[in-house]
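Please walk me through this structure in the viewer. I would like to know what to select at each step and what is there.

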Amino acid sequence: MSEQLKEENKTKFRFSRPQIKKPSKKIFLIFILIILVVASPFVYQKVVYSLTHQSTDDAYVEGTYIYISPQISGKIVAVNVERYQEVKKGQVLAEIDTADYTNALNLNEATLKKAEATINEIESSEKQAEAALQQARDNYSSAKAEAELAQKEKTRYEDLYKQDAVSADVYDTYVTKEKTAIAAMKAAEKAVNQAKAALDTIRAKKVTTLYAIKEAKANLDQALINVRRTKIYAPEDGYIAKKFAEVGNYAVPGQTLFILVKKNDLWVTANFKETQLDKMRVGQKVDIYVDAYPGIKFEGHVESFQPGTGAVFSLLPPENATGNFVKVVQRVPVRIAIDSPYDPKHPLYPGLSVNPYVDTGF
C-alpha cells in the first residue's frame with residue numbers, strides 16, 4: 001500500500017512542474033544579428049586597418065649611447081653621480097687627482113717665464129749689437145774716405161817728386177800717410193765684419209729662444225688642458241646607464257668610466273619581412289605601441305631603410321653558394337623616427353619592445 005502511494009505522489013509531482021519553453025530559433029537569430037550590427041563597425045575598422053598597415057613584433061627602441069672615457073691617467077678622487085641618474089651637459093661626473101698635472105703646469109709656467117726673460121736680454125743685446133755695427137760702419141766710411149784722400153795726396157806728391165818739386169822727405173811722408181790710412185780702413189772693415197757676425201749670432205740665439213718660448217707656451221697650454229681634463233664632464237643631456245668609476249680606482253685614457261644614454265635621441269628599429277616592404281616608403285606615418293605601456297600610442301614616421309638585410313651584416317653572414325640552400329624569408333631593419341614629444345609619465349628607453357604599424361594605404 002505504501003509503495004502504491006509513493007508512485008502516485010511521484011506521478012503528481014512530475015505533472016505538477018511548470019513547463020519551460022525553449023527559445024525559438026527566431027529569437028536566437030535576432031540576437032546574433034544585433035551582435036553583428038553592433039560589432040560590424042569595429043570589425044570593419046580592424047579589417048581596413050590590417051589591410052592598410054604593415055606591422056611586426058620584431059621591433060625595439062634604440063638610442064645614442066656615449067661611452068665616456070678619461071683623456072688622461074690618474075687616481076679617481078671623486079665620483080659625483082650614481083647609476084640611472086639624469087645629468088645635464090657640462091655636469092662634472094668624476095674627478096682625477098690634479099697633483100701631478102698642477103706641478104707640470106707650474107713647471108711649464110716657470111719655463112715660459114725664463115724663456116721670456118732670456119728673450120728680453122737678447123733683444124737688449126741685439127739693440128747694442130745693432131748700434132755697434134752702425135758705429136763700425138760709420139768708422140769704416142770715415143777710414144775709407146781718409147784712405148782715398150791719402151791715396152790722392154800721395155799720387156799728387158809723387159808727380160811733384162818726379163819733377164824735383166818736393167824733397168824725398170815730403171814724398172815719404174805722404175807715402176806713409178797713405179799706408180796708415182789704408183791700414184785704418186782695413187781695420188775698420190774688419191770691425192764691421194766682427195760687429196755683423198756678433199749681431200748675426202745674437203739674432204740666431206733670438207730665433208732659438210723664440211722657438212723655445214713657442215714650445216713653452218704649447219707645453220703650458222697642454223698642461224692647462226690636462227688640468228681641466230682631471231674633471232670628466234657629461235658631453236650631452238642624458239642618463240647614466242652604466243657606472244664603472246669608483247673612488248680609488250686608477251683611470252687610464254680609453255677606459256670606459258660611464259655609459260650615457262643621450263636624452264630625447266631615440267628611434268625605433270623594426271625588422272620587417274622582405275615581403276612587407278612592397279608598399280612601404282620613407283615618410284609614411286607609423287603608429288607605435290610599446291609593450292611597457294599598454295593602450296598608449298606614440299606617433300612616428302618611416303625615416304630610412306637599411307641597405308641590406310640583417311643577415312648580410314651579421315658576424316657570420318650566410319653563404320648560399322655551398323649547395324645547401326634553404327630559402328628563408330629575410331628581414332630588413334627599418335628606422336622609424338619618433339614624432340611624439342617626450343612624455344615623463346611614459347618615458348621611452350633603449351631596448352623596449354614595440355609593435356609599429358606603418359600606414360601604407362591601399
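Which residue lies over the face of Y342? Select K263: it lies over that face, at 5.7 Å from the ring centre of Y342. A charge counts as sitting over a ring if NZ of Lys or CZ of Arg is within 6 Å of the ring centre and within 35 degrees of the ring normal. Next select R335, which lies over the face of W267 at 3.9 Å from the ring centre.

A note on the model before going on. This is a predicted model, in which local features need pLDDT of at least 70 and side-chain atom pairs count only at pLDDT 80 or more, while totals for chains, interfaces and linings use all residues. Residues are numbered from 1 along each chain as its sequence is written, and side-chain values use heavy atoms, with hydrogens and water left out.

Now select Y289 and Y357. They form an aromatic pair, edge-to-face, with 5.8 Å centre to centre and 80 degrees between the planes. Rings of Phe, Tyr and Trp (its six-membered ring) pair if their centres lie within 6.5 Å; planes under 30 degrees apart count as stacked, over 60 as edge-to-face and the rest as tilted. The structure holds 1 aromatic pair. Y289 lies in strand β10 (residues 285–290) and Y357 in strand β13 (residues 354–359), so the pair ties together parts that are 68 residues apart in sequence. Strands (E, at least two residues) are DSSP runs, numbered from the N terminus.

β10 and β13 run antiparallel and are joined by 5 bridges; two strands pair if DSSP finds at least two bridges between them. Select V290 to find its bridge partner in β13, V354.

Then show strand β11 (residues 297–305), which pairs with β10 in the antiparallel sense over 5 bridges. I288 stands opposite F298 in β11. β10 and β11 form a hairpin with 6 residues between them. In the turn, select G295, which has a positive phi of about 85 degrees.

Notes
Helices (H or I, at least four residues) and strands (E, at least two) are DSSP runs, numbered from the N terminus.
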